Amino acid sequence: MANANDVLKLMSDNEVKFVDFRFTDTLGKEHHMTVPAHQVDEDKFESGQPFDGSSLAGWKGIEASDMLLVPDAGTARMDPFREEPTLILTCDVVEPSDLKGYDRDPRSLARRAEAYLKSSGIGDTAFFGPEPEFFVFDGIAWGDDMYNRFVKIYSDEAASASALENDGRNHGHRPRVKGGYVPVSPVDSFSDMRSEMCLVLEQQGVPVEIHHHEVANAGQLEIGTKFSTLVQRADWNQILKYTIHNVAHMYGKTATFMPKPIVGDNGSGMHVHQSIWKDGQNLFAGNGYAGLSETALYYIGGIIKHARALNAITNPGTNSYKRLVPHFEAPVKLAYSARNRSASIRIPYTSNPKGRRIEARFPDPLANPYLAFSALLMAGLDGIQNKIHPGDPADKNLYDLPPEEDKKVPTVASSLEQALEALDADREFLTRGGVFSNDMLDAYIELKMQEVNRLRMTTHPVEFDLYYSL
């Protein structure tokens, strides 16, 4: 583990001029404060960097706004996008009064989730491996005022671009709708950009396993990175987003992790692979269905039981539910299966028991990774502690069930409002061990209901098409 002295040496070796203190707010957005390098010494790693917590939505009131950013020396990395040599340090947000992690700080909360796992005696390590998908467009424009509401997506890789003349220079090679999965160039026009994203990720200490084009047209992509422990894997998720946004920007393009930016093609999910270990042994490996242990089945049972409450955290935008629509090949059915991608929980095939894990397929990349991974862990632990069995696996195509069977399979929430209502009613499993606090959950629900109400009060262009002439 790196310490303050290691970081100071790194700064000296790289002639660092500035240090960037990074932290993540409730919504999953990264923020930073940058200080001259000469002001960073050993004491900074103990005393922290003061900042105003009242300026962030869902955090402190103005009457108690002083907070501290305490850097984690193990997260030190050089910022590949700054002209002046700048070191990045990921920080925990700490209360100045007692130097404890702020109860609404997502990273401090994730640390509490890891501590709760150990204190439960069930395991000592939780591994997470998210797969966030994203789109890269040539440009984007939107407007929302009293008289105009529109969005325009510009993409030379869009299937519709085949009809553009482009002064006789239309190259014609592009994915069709739902035809974008892993073609070679020139149909896949983003190979070099993704490769550069991968190199920059590796440069920052995030191990890359694979990259490829995804199913949707108009630039849906994925970069697969290695699994790790809960807090570190959430850190890596934030590095991945930062890198993808900035490399796309350098190419004169724009990247988005919105789950459903285009209509009529696949949305972007964030499948989350999970397992619990103890004393170096994978507790999910066993002799049951698909090589799972009873512990793993109970973990699945906990996720299924609490899925709608989880949706408020794993699918935290109104846009999330444009993707989670029944009968459109979305992972809405709360069932589990080996290799069956129509189930919301899949057991990926592996010949090595160490690789045995479960994959939750309903989350999306809008999720704050610190909150999402912690919530999934807490639901799974509740399943283990209370022996919540998930029932029989679903080895048939859940997208094509007879109506009488279809009704028997529970589903994820159908809207953010429904998910928030479920979270409000089903929160006790999250508050065990002080991992999530009721104050934090109340603030989160209030913040998210503002988004629900804004959309609720905004007239949609589709409504003009439906009702204008009636």
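A salt bridge is taken here as a side-chain nitrogen of Lys or Arg within 4 Å of a carboxyl oxygen of Asp or Glu. The model is predicted. By this rule the count comes to 24 salt bridges, and a search of the whole structure finds zero disulfides.

**Salt bridges**

- Asp156 and Arg174 form a salt bridge, with their closest N and O atoms 3.5 Å apart. Both residues lie in the loop between S9 and helix H4 (191-203), so the pair ties together parts that are 18 residues apart in sequence. Asp156 is partly exposed at 32% relative accessibility, whereas Arg174 is buried at 8%.
- Arg107 and Asp92 meet through their side chains in a salt bridge of 3.0 Å, N to O. Because Arg107 belongs to helix H3 (residues 106-120) and Asp92 to strand S6 (residues 86-94), this pair ties together parts 15 residues apart in sequence. Arg107 is buried, with a relative accessible area of 3%, and Asp92 is buried with 11%.
- Glu417 and Arg456 are joined by a side-chain salt bridge of 2.6 Å, N to O. Glu417 lies in helix H11 (residues 416-425) and Arg456 in helix H13, so the pair ties together parts 39 residues apart in sequence. Glu417 is partly exposed at 27%, and Arg456 is partly exposed at 49%.
- A network of salt bridges links Asp20, Arg22, Glu30, Asp79 and Arg82.

**Surface patches**

- A patch of negative charge on the surface gathers Asp41, Glu42, Asp43 and Glu46. Glu42 is placed in the loop between strand S2 (30-36) and helix H2 (44-47), and counts as partly exposed at 47% relative accessibility.
- Ile140, Trp142, Val151 and Ile153 form a nonpolar surface patch, together having about 410 Å² of accessible area. Strand S8 (139-144) and strand S9 (149-154) are the elements that give two or more residues to this patch. Ile140 is located in strand S8 and is partly exposed at 36% relative accessibility.

**Cysteines**

- Cys91 is buried, with a relative accessible area of 1%.
- Cys198 is also buried, with a relative accessible area of 8%.

**Ser437**

- Ser437 sits in the loop between helix H12 (428-431) and helix H13 (438-456). Its relative accessible area is 18%, so Ser437 counts as buried, the cut-off being under 20%.
- Ser437 and Tyr289 are separated by 148 residues in sequence and by 36 Å in space, C-alpha to C-alpha.

Methods: Residues are numbered from 1 along each chain as its sequence is written. This is a predicted model: local features need pLDDT of at least 70, side-chain atom pairs count only at pLDDT 80 or more; totals for chains, interfaces and linings use all residues. Side-chain values use heavy atoms; hydrogens and water are left out. Patches are made of residues with over 30% relative accessible area and no salt bridge: like charges are joined within 9 Å, nonpolar side chains (Val, Leu, Ile, Met, Phe, Trp, Tyr) within 5 Å. Accessible areas come from the Shrake-Rupley method with a 1.4 Å probe; for residues, only the protein chains shown count as cover. Lys and Arg count as positive and Asp and Glu as negative; His and the chain ends are not counted. The place of a charge is taken as NZ of Lys, CZ of Arg, CG of Asp or CD of Glu. Helices (H or I, at least four residues) and strands (E, at least two) are DSSP runs, numbered from the N terminus. Buried means under 20% relative accessible area, exposed over 50%, partly exposed in between (1.4 Å probe, protein chains only). A disulfide is a pair of cysteine sulfur atoms within 2.5 Å.
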